Number of protein chains: 2
Amino acid sequence: MSDVDRWLSDFDSALSSGDSASAAALFHEESFWRDLVAFTWNLKTVEGPAEIEAMLDATLEHIQPSGWRTTEPPDTADGITTAWIAFETAAGRGNGLLRLRDGKAWTLLTALYELKGHEEPKGTHRPKGVIHGADPDRVTWLEDRQREAEELGYSVDPEVVIVGGGQGAIGLGARLRQLGVPTIICERNERPGDSWRRRYKSLCLHDPVWYDHLPYIKFPENWPVFSPKDKIGDWLEMYARVMELNYWGSTTVQSASFDPDEERWTVQVERAGQAITLRPRQLVLATGMSSQPNMPEIEGMSGFKGDQHHSSKHPGPDAYAGKKAVVIGSNNSAHDICAALWEVGADVTMVQRSSTHIVRSGTLMEIGLGALYSEEAVAAGVTTEKADLIFASLPYRILHEFQIPLYDQMRERDKDFYDRLEAAGFQLDWGEDGSGLFMKYLRRGSGYYIDVGASDLVADGKIKLAHGKVARLTDDAVELEDGTTLPADLVVYATGYNSMNGWAAELISQDVADRVGKVWGLGSDTTKDPGPWEGEQRNMWKPTQQDNLWFHGGNLHQSRHYSLYLALQLKARLEGIETPVYGLQEVHHLA
Amino acid sequence: MSDVDRWLSDFDSALSSGDSASAAALFHEESFWRDLVAFTWNLKTVEGPAEIEAMLDATLEHIQPSGWRTTEPPDTADGITTAWIAFETAAGRGNGLLRLRDGKAWTLLTALYELKGHEEPKGTHRPKGVIHGADPDRVTWLEDRQREAEELGYSVDPEVVIVGGGQGAIGLGARLRQLGVPTIICERNERPGDSWRRRYKSLCLHDPVWYDHLPYIKFPENWPVFSPKDKIGDWLEMYARVMELNYWGSTTVQSASFDPDEERWTVQVERAGQAITLRPRQLVLATGMSSQPNMPEIEGMSGFKGDQHHSSKHPGPDAYAGKKAVVIGSNNSAHDICAALWEVGADVTMVQRSSTHIVRSGTLMEIGLGALYSEEAVAAGVTTEKADLIFASLPYRILHEFQIPLYDQMRERDKDFYDRLEAAGFQLDWGEDGSGLFMKYLRRGSGYYIDVGASDLVADGKIKLAHGKVARLTDDAVELEDGTTLPADLVVYATGYNSMNGWAAELISQDVADRVGKVWGLGSDTTKDPGPWEGEQRNMWKPTQQDNLWFHGGNLHQSRHYSLYLALQLKARLEGIETPVYGLQEVHHLA
C-alpha cells in the first residue's frame with residue numbers, strides 16, 4: 001500500500017467514525033486544508049491540527065465524507081508526494097489535491113464539483129434536443145426560449161439576479177443555466193462585450209489565452225495569445241448567446257433591498273427605459289473590481305479649462321494629438337493610456353506618486369504562468385481544470401514563498417530593462433516581500449504594470465516622468481507638491497478603484513455595505529491590505545455578513561474557477577439543501 | 001522490427017528510389033489506396049498493384065514522399081494490423097491509416113494535412129494578438145478587420161468566392177481564413193444560420209452532435225444530441241463572427257463567367273440591393289445538395305385552388321390546422337412535414353411513390369455511428385479527427401460490405417417496428433444490396449427517412465398512406481394513376497432535389513454545367529447512381545472539368561472533413577505551388 005493510499009485509508013476511517021482528533025493528527029503541525037464548499041459551505045482555509053479538528057467537529061456529522069481515493073498515480077518530488085484525489089459527501093462529489101511529506105499531510109485541497117441529484121446535463125447526460133415522437137402540444141426549443149424571455153422577470157421571479165454583465169457574470173450565468181437556476185444578468189451596456197469594446201482602442205488582454213478560457217467552451221487553438229479587446233467582446237457576445245443566458249442589456253440597476261422575512265430582494269431596474277421590479281432570492285454583485293472609480297478631489301479641479309477624467313472614462317487618444325497630457329498614476333491603466341497618447345503624438349507626462357512593480361509580459365508568461373497556463377502545460381497534460389486546482393491548492397498563507405523565487409528569476413533575466421527604467425527615474429518595487437505581481441493582485445488588486453511596451457517609452461524619455469503628489473490644478477496646468485508645474489490640455493486620473501462594497505452602498509445602503517465590509521484582499525498586513533489575516537479573498541464567491549448577497553469577479557482565471565463554487569452554493573440554496581456555513585468571515589474594515 | 005515498421009521501411013525505400021513497381025508489390029491483389037490531395041492533388045482511390053504503380057509512375061518524381069512512420073503503436077485484430085501513420089512530401093505533411101494483412105497492404109489512406117511554409121497559426125504558433133511596443137502607426141485588430149471589410153470585393157479582389165453560406169461554406173471559410181486565403185461568402189439570407197431558422201419549426205438535426213462538429217471549435221459537452229434548428233442557427237452565426245469570416249449576407253449571386261486567359265471569374269452579385277462585380281480566382285459552389293428543388297410538372301397543377309409548394313418552400317404547419325394535406329413523397333422531408341401537419345390537427349395523406357428505407361434514430365446512432373461518433377467513442381480516445389480519418393480510410397468500393405451487417409442488426413433489433421409499418425402498407429427497402437442508409441446517402445443522397453417519430457404515426461394510420469404516381473391535380477384534389485382521389489387544401493411536393501451542377505447552369509452556363517457533369521454519387525450502378533464506377537463522390541471537393549470551379553457540401557461530417565482538403569487545394573494554387581492533378585474525373589452523365 002502506497003503512502004497516499006495508507007493516508008487516505010486512515011483519513012477515511014477517522015472521518016467515518018467521527019474521530020476529528022485522529023483525522024487532524026494526520027496533518028503536520030504546519031499544514032493547510034483549503035476547502036471550497038465541500039466541508040464548510042464556504043471558501044475556507046484552516047491551518048494546523050487544532051483548527052482542522054475544530055472544523056471537523058463542526059462539520060463531520062452533517063457532511064458525511066466518504067470514498068476517498070486517488071484518481072491517478074501520485075507523483076513524488078523533493079520529498080513531497082502529490083496526489084489527485086476524489087471523495088463524496090452526503091450532498092455531493094468532490095475532488096482535490098493532497099501533498100504528503102513523511103507520511104503526513106502538508107496541504108489538502110477539497111473542492112466540491114457537483115451536487116448529487118443535480119449533476120449538469122453533459123456528456124452521456126446531455127440534453128437530447130429533439131423530442132422524438134409526434135406531439136400536438138410540442139414546444140420547440142425556440143418557443144421555449146422565447147417564452148422564458150417573455151416570462152422571466154415579469155410573471156416568473158428569477159432565483160438569481162447578477163448585477164453587471166462582464167466576463168464574470170457571463171461565466172457564472174452559464175454555470176447557473178446548466179444547473180437550472182433561473183438567472184437574469186443586468187448590464188448597463190447594450191451588448192455583451194461592450195464594456196471591453198468601449199475601452200481605449202489599443203487595449204488587449206494582459207493575460208495570455210491559456211489563462212483566460214471561460215467554462216464549457218475553450219478558445220480555439222488559433223486564438224491570439226493576447227486577445228484584442230474587440231475580439232474578446234465578440235467572443236463574450238457569442239458565448240452569452242449560445243449558452244442561452246438571459247442577458248438584459250441596456251439595463252441599469254437602480255436600487256435593491258432585502259426582505260429577511262420573505263428572503264427575497266426587491267431590485268428596481270430600468271430596462272431600455274422601462275421600469276421593472278425584480279424579486280430574486282439571491283443577488284450577485286459582479287460589477288468588477290474596476291467599477292468604483294477612485295476619483296481624487298484636488299484643489300482647483302473645477303477651474304481647469306482642459307479635459308479631465310478618470311482613466312475608466314478615457315475616450316482614447318485620438319482627440320489629443322499634439323496636445324499636452326498629464327496622467328496621474330503609474331499602474332497598468334496609466335501606462336497603457338500614456339503609450340496610446342504618445343502614439344498619436346501627444347506630449348505626455350506620467351506623474352508617479354509611489355513606486356510601481358513592473359514585469360515584462362513575455363517574462364511573466366514564461367516564468368510566472370508557464371508551468372500551469374501555456375501551450376507547454378497543455379502538451380504536458382495540465383488541462384485548464386487541473387491548472388486551476390493546482391493553483392487553488394497552494395495556500396494563500398505561504399503562496400508568497402512560491403512566488404519570491406520566480407520574481408528573483410525575472411529580476412535577473414530582465415536586469416538591463418530594470419536598470420534603464422531606474423536610470424530614467426522610474427521608482428520600482430517588487431512588493432513588500434519581493435513576492436511580485438500576483439501577490440499584489442491578490443492583496444490589493446493594484447500597484448503594478450505588465451509591460452507591453454510603455455516602459456521602453458518611459459526609459460527612453462518619450463513618456464516624461466514627474467514624481468510626487470498633486471498639489472492643485474490651475475486653469476491650464478497640474479502643480480505638484482514640489483512646485484513642479486506641468487502644463488496640460490488633458491488630465492487623466494489613473495488613480496484606481498474603490499472596494500466593491502461601494503456598489504452595495506450605492507445600490508442597497510451604506511448600512512449593508514458596512515455590514516459586509518471591505519471586499520478583496522487577504523489580510524496580509526501589507527499596503528492596502530490591512531490585517532488581521534483572513535486566509536481567503538475577503539467576501540469573494542462565498543457567503544457574506546448580508547444574507548443572500550454575493551460578490552463575484554476577479555480576473556478571467558478566477559471568474560472561471562470560482563464561478564463553479566458560487567454556482568454550487570446558489571444551486572444548493574435553490575434546492576433546499578442544507579448549507580451550514582463554517583467560519584463565516586468577520587468584518588474588520590469598512591472599505 | 002514489427003510488420004508495420006518493416007512495411008513502411010520497404011515502402012519508403014521503394015518510393016525514395018522511384019521504384020513504383022516494388023512499392024506496388026507491397027500491396028495485395030485486392031487492395032485500395034485512397035489519396036486525399038497528398039499524391040494526386042485530387043481525391044482519388046486506386047485499386048490493386050497495377051493502378052497503384054501507374055499512379056506512382058505519374059506522381060513520384062514530383063511528390064517526393066519521405067519520412068514514413070507510425071504515430072502510435074499499431075493494433076491487430078482478426079488478422080488485420082491497423083496503423084496510424086505520418087509522412088512528408090515535397091510540398092507538405094500528411095497522415096493516414098494503413099491496414100496490413102499477412103505483411104501486405106490491404107488499405108492505405110494518405111491525407112495531406114498542411115503545406116510546408118504555410119502551416120496554420122495555432123498552438124505554439126498562434127497569433128500574438130497584441131503588438132507589444134509603442135507604434136505611432138499602430139493598426140488595431142478592429143481597424144484591420146474594418147479595413148478588410150471595406151476593401152475586400154471592392155478595391156481588393158478576393159481569391160475565392162463561395163456561393164452559399166450554410167455550414168459547408170462556413171467551415172470552409174474558417175479554414176481558408178486560417179490559411180490566409182482572402183475569401184468572400186455570398187449568402188442570400190441576411191444572417192448565418194438563417195437557412196436553418198427559416199425551415200419548419202420542429203426541425204432538429206437528424207445526425208447526433210458527435211458527428212456534427214465544425215472545424216476549430218467543438219460543440220460543448222452540454223450541447224444537445226440533436227440540435228434544434230434555431231440553436232444550430234445561432235451557433236453558425238456566432239462561429240462566422242468569431243472566426244472572422246467575410247460573410248456577405250443578403251447577397252444574391254446573379255451570374256458568373258470564367259476568363260481562361262486571366263484565370264479569373266467575373267461574378268455579378270447584388271449585396272443588399274447594390275450591384276457589385278467580384279473578380280475571384282476560384283469559385284466554390286456550396287449551395288448544398290438540397291438547393292435545386294426537383295419540382296414535378298403535373299397535369300392540372302395550374303388549376304389547383306389550394307396551396308402547393310416544394311417541400312423546401314413549406315412554411316410550416318400552422319396555417320393548415322383542420323385542413324386536408326397531401327404530401328407527395330416518403331423520404332425525410334415528407335415524413336417531417338407530415339408529422340408536423342398532423343401535430344397541428346391537419347388531415348394528412350402521404351403519397352408513397354416508391355419504397356423507402358427507414359432507420360430509427362436511436363438505432364442508427366447506436367449501431368451505425370456509435371463506434372466512431374458517440375460519447376463512448378470520445379471516451380475511448382476516438383477524437384473527431386480520428387473518426388473522420390477512420391471513416392475516410394474505408395474504401396467506397398467495399399464500404400457496403402462493412403455496412404450490410406450493421407443494417408442486418410438494425411432490422412433484427414427493430415423487427416416489431418418494421419412489421420407494424422409493413423402491416424400499415426408502407427413499402428420498405430434497405431438499399432439494393434441491403435447496405436442501408438449511409439450508402440444510399442453516398443450513392444444518391446435520397447431514399448430514406450431517419451425516424452424521429454413520424455413512422456409511428458404512419459403505422460397507427462394517423463398519417464394516411466396512398467401509393468403510386470400522381471396522374472393529375474383537379475381544382476381541389478390529387479388524383480393518382482390508380483384512380484384514387486385525395487381531396488386537398490394543400491399539396492407539398494417532397495420530391496427531392498436535382499444535381500448541384502444545376503447551379504452551375506443557372507449561374508454560369510449550361511455549357512459549363514454539362515462539361516462538369518453530374519455532381520454526387522459513386523457510380524455504383526444502383527438506382528439514381530449510374531455507372532461506371534468512379535470510386536469517389538463525383539465532383540465533390542476536388543478539381544472538376546472546369547478550371548477553377550469547385551463543389552463543396554455534404555453533411556456536417558463531410559463538410560468538416562473534406563473542407564480541409566479543398567482548403568489546401570485552394571491555398572496551394574494561391575501560393576503558386578504546382579498541383580498536377582492525377583486522374584481527373586471523366587464525365588459520363590450530365591445530371
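This is a predicted model: local features need pLDDT of at least 70, side-chain atom pairs count only at pLDDT 80 or more; totals for chains, interfaces and linings use all residues.
**Exercise 1. Two helices**

Find how helix H13 and helix H15 of chain A are oriented to each other, and list the residues that make their contact.

Solution. 
- Two packed helices are described by the angle between their axes and the distance between the axes.
- H13 of chain A covers residues 396-413 and H15 of chain A covers residues 436-443. Their axes are 8 Å apart and meet at an angle of about 150°.
- The cut-off is over 145 degrees, and H13(A) and H15(A) are therefore roughly antiparallel.
- H13(A) contributes Tyr396(A), Leu399(A), His400(A), Gln403(A) and Tyr407(A) to the contact. From H15(A) come Gly436(A), Leu437(A), Phe438(A), Met439(A), Leu442(A) and Arg443(A).
- Sorted by class, the contact has seven nonpolar, three polar and one charged residues.

**Exercise 2. Aromatic pairs**

Describe the ring pair of Phe39(A) and Phe87(A), then the pair of Tyr562(A) and Tyr565(A).

Solution. 
- A pair of aromatic rings is described by the distance of the centres and the angle of the planes.
- Over all chains there are 52 aromatic pairs.
- For Phe39(A) and Phe87(A), the centres are 6.3 Å apart and the planes 45° apart. Planes under 30 degrees apart count as stacked and over 60 as edge-to-face, so this pair is tilted.
- Phe39(A) is in the loop between strands S1 (27-36) and S2 (43-47) of chain A, while Phe87(A) is in strand S5 (residues 80-88), so the pair ties together parts 48 residues apart in sequence.
- Phe39(A) and Phe87(A) are both buried. They also belong to a cluster linked by ring pairs, together with Trp7(A), Phe11(A), Phe27(A), Trp33(A) and Trp68(A).
- Tyr562(A) and Tyr565(A) form a tilted pair, 6.1 Å centre to centre with 55° between the planes.
- Tyr562(A) and Tyr565(A) are three residues apart in helix H19 (residues 556-574) of chain A, which means that about one helical turn separates them. Both of these tyrosines are buried.

**Exercise 3. Backbone exceptions**

Which bond joins Gly531(A) and Pro532(A), and what is the phi of Tyr216(B) and of Glu263(B)?

Solution. 
- Most residues other than glycine have a negative phi, and most peptide bonds are trans.
- Gly531(A) and Pro532(A) are joined by a cis peptide bond with omega of about 0°. Pro532(A) sits in the loop between helix H18 (510-516) and strand S25 (549-551) of chain A.
- In chain B, a cis peptide bond joins Gly531(B) and Pro532(B), with omega of about 5°.
- Tyr216(B) is not a glycine, yet has a positive phi of about 75°. This tyrosine lies in the loop between helices H7 (209-212) and H8 (229-242) of chain B. The charged end of Arg175(B) sits over the ring of Tyr216(B), 6.0 Å from its centre.
- Glu263(B) has a positive phi of about 55° and is not a glycine either. Its place is the loop between strand S11 (251-259) and S12 of chain B.

**Exercise 4. Accessibility**

Are Thr266(B), Tyr216(B) and Glu263(B) buried, partly exposed or exposed?

Solution. 
- Buried means under 20% relative accessible area and exposed means over 50%, with partly exposed in between.
- Thr266(B) has 22% relative accessibility, so Thr266(B) is partly exposed.
- Tyr216(B), at 21%, is therefore partly exposed.
- Glu263(B), at 43%, is therefore partly exposed.

Note on methods:
Residues are numbered from 1 along each chain as its sequence is written. Chains are lettered from A and ligands numbered from 1 in the order in which they are written. Side-chain values use heavy atoms; hydrogens and water are left out. Axes are lines fitted to C-alpha atoms, for helices over the stretch in contact, and angles run from 0 to 180 degrees between N-to-C directions. Helices (H or I, at least four residues) and strands (E, at least two) are DSSP runs, numbered from the N terminus. Angles under 35 degrees count as roughly parallel, over 145 as roughly antiparallel, 65 to 115 as roughly perpendicular and the rest as oblique. Contact means heavy atoms within 4.5 Å. Ala, Val, Leu, Ile, Met, Phe, Trp, Tyr, Cys and Pro count as nonpolar, Asp, Glu, Lys and Arg as charged, and the others, Gly among them, as polar. Rings of Phe, Tyr and Trp (its six-membered ring) pair if their centres lie within 6.5 Å; planes under 30 degrees apart count as stacked, over 60 as edge-to-face and the rest as tilted. Buried means under 20% relative accessible area, exposed over 50%, partly exposed in between (1.4 Å probe, protein chains only). A charge sits over a ring if NZ of Lys or CZ of Arg is within 6 Å of the ring centre and within 35 degrees of the ring normal.
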